[in-house]
Number of protein chains: 2
Amino acid sequence: MTDATALIDALDRAGYRLTEPRRAMAGLISDQTGHFTAADLVVDARTRRLGIGRATIFRALDLFEDLGVVERLDLPSGDHAYVPCEPIHHHHVICSSCGRTEDVDDPGIDAVTRSVARRTGFRIDSHRLELFGLCPACAGSVDPR
Amino acid sequence: MTDATALIDALDRAGYRLTEPRRAMAGLISDQTGHFTAADLVVDARTRRLGIGRATIFRALDLFEDLGVVERLDLPSGDHAYVPCEPIHHHHVICSSCGRTEDVDDPGIDAVTRSVARRTGFRIDSHRLELFGLCPACAGSVDPR
DNA sequence: CGTCCAGATGATACAGAGTCTCATGTAGGC
DNA sequence: GCCTACATGAGACTCTGTATCATCTGGACG
Ligand SMILES: [Zn+2]
Ligand SMILES: [Zn+2]
Ligand SMILES: [Zn+2]
Ligand SMILES: [Zn+2]
């Protein structure tokens, strides 16, 4: 789906060791379509008999998240899902049906945060925006109105 | 902090029984300052020797959430926290220091979602926006620049 | 190349969140 | 006041994520 190289490069650039399990994780992640959970990766690693321990999967996922090449989504269900993405500030549109996501750059939230800051007196440092809906493919198939 | 009556009324209006444990939960929730977790309520219920079971706490919390009088926040830490609030669409500014939140009505996200929909082809059905920062009190005390 | 060791791993135990079951209790309509 | 559908509490259970620790290995260095 995406490119495992980007994940591996990020590790390398940050000075982390390029170990076998980490390379395998990069492969697993880049093969995912749409968002995925830690449990998904555990299952996939198991299926492919990669011999990667559960703890390592969580550790690598945290690492990729710290490096900004993977981002955590908080699904309405309460589950934590992840998507590979660029290490710059942006947001996600998430398909509620197939889980595919697309990055969207900050579309005008600055004005919003400034306005909120003015009205509430809060000093706003960060924000999270998630947009849920149906991707073109899913919208087309379930809703051929 | 907030008003327990609003929580109880919401149950009543939706046709749920007004049981002792649910009234107690409404009390616990309205006494919270800032956001709180299910675990917080378990501790508080225990401390006050209310004799409410853990399962009941989770069940009541889910119920209040369904009724829209309590909303779940996904903290950057990954924890699930809750805040009592009005059952209409709105967002929260969250103080990273004391956990206090303030409701903010939709500040201009509609334009954002429309623009994103146009650019990505997604049909956007819902969204979540959370703003993190420091409330006036906390900003004043830690940052008297 | 081979040596070496800080950093990484996997097994396992553990802690916490949330769910399920089921016998018992009770709200509230009659 | 009775009755029953709905709610509760206890406790077992599942799942996510973390901690510990003995063992292993990437890659720096010679
Ligand atoms: Zn889709
Ligand atoms: Zn943004
Ligand atoms: Zn504060
Ligand atoms: Zn909104």
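Modeller: One convention before the elements come up: helices are DSSP runs of H or I with at least four residues, strands are runs of E with at least two, and both are numbered from the N terminus. Please also keep in mind that this is a predicted model.

Colleague: Fine. Which elements each supply at least two residues of the surface near DNA strand D?

Modeller: They are helix H3 (38–47) and H4 of chain A, together with helix H2 (20–30) and H4 of chain B. H4(A) gives the most to that surface, with 5 residues.

Colleague: And which residues come nearest to DNA strand D?

Modeller: There are 22 residues around DNA strand D, and the nearest of them are Leu18(A), Arg54(A), Thr19(B), Thr56(B) and Arg59(B). Of the atoms of DNA strand D that come within 4 Å of the protein, sugar and phosphate account for 59%.

Colleague: Now DNA strand C: how many residues surround it, and which are closest?

Modeller: DNA strand C is surrounded by 21 residues, the closest being Thr19(A), Thr56(A), Arg59(A), Leu18(B) and Arg54(B). Sugar and phosphate make up 57% of the atoms of DNA strand C that come within 4 Å of the protein.

Colleague: Where is a base nitrogen of DNA strand C approached by a side chain?

Modeller: At Arg17(A), where an N or O atom of the side chain is 2.8 Å from a base nitrogen of DNA strand C. The largest share of the surface near DNA strand C, 5 residues, comes from H4(B).

Colleague: Switching topic, how much area is buried between chain B and chain A?

Modeller: About 3300 Å² is buried between them, and carbon and sulfur atoms give 59% of it. Phe122(B), Arg123(B) and Arg128(B) supply 21% of the area that chain B buries against chain A, more than any other three residues. The contact takes 39 residues from chain A and 39 residues from chain B.

Colleague: How many salt bridges does the rule find across that interface?

Modeller: The rule finds 4 salt bridges there, and in one salt bridge the side chains of Arg119(A) and Asp105(B) meet at 3.0 Å, N to O. It also finds 18 residue pairs in polar contact across the interface, both residues being at pLDDT 80 or more. S5(B) provides the largest share of the side of chain B that touches chain A, 12 residues.

Colleague: In which sense do S5(B) and strand S5 of chain A pair, parallel or antiparallel?

Modeller: Strand S5 (residues 123–134) of chain A pairs with S5(B) in the antiparallel sense over 11 bridges, and Arg123(A) stands opposite Leu134(B) in S5(B).

Note on methods: Residues numbered from 1 in each chain as written. Chains lettered and ligands numbered in written order. Predicted model: local features only at pLDDT ≥ 70, side-chain atom pairs only at ≥ 80, totals over all residues. Heavy atoms only, no water. Near = heavy atom within 4 Å. Polar contact = N/O pair within 3.5 Å; in protein donor to acceptor, adjacent residues only side chain to side chain. Contact = heavy atoms within 4.5 Å. Buried area = accessible area lost by both parts, 1.4 Å probe. Pairing = 2+ DSSP bridges.
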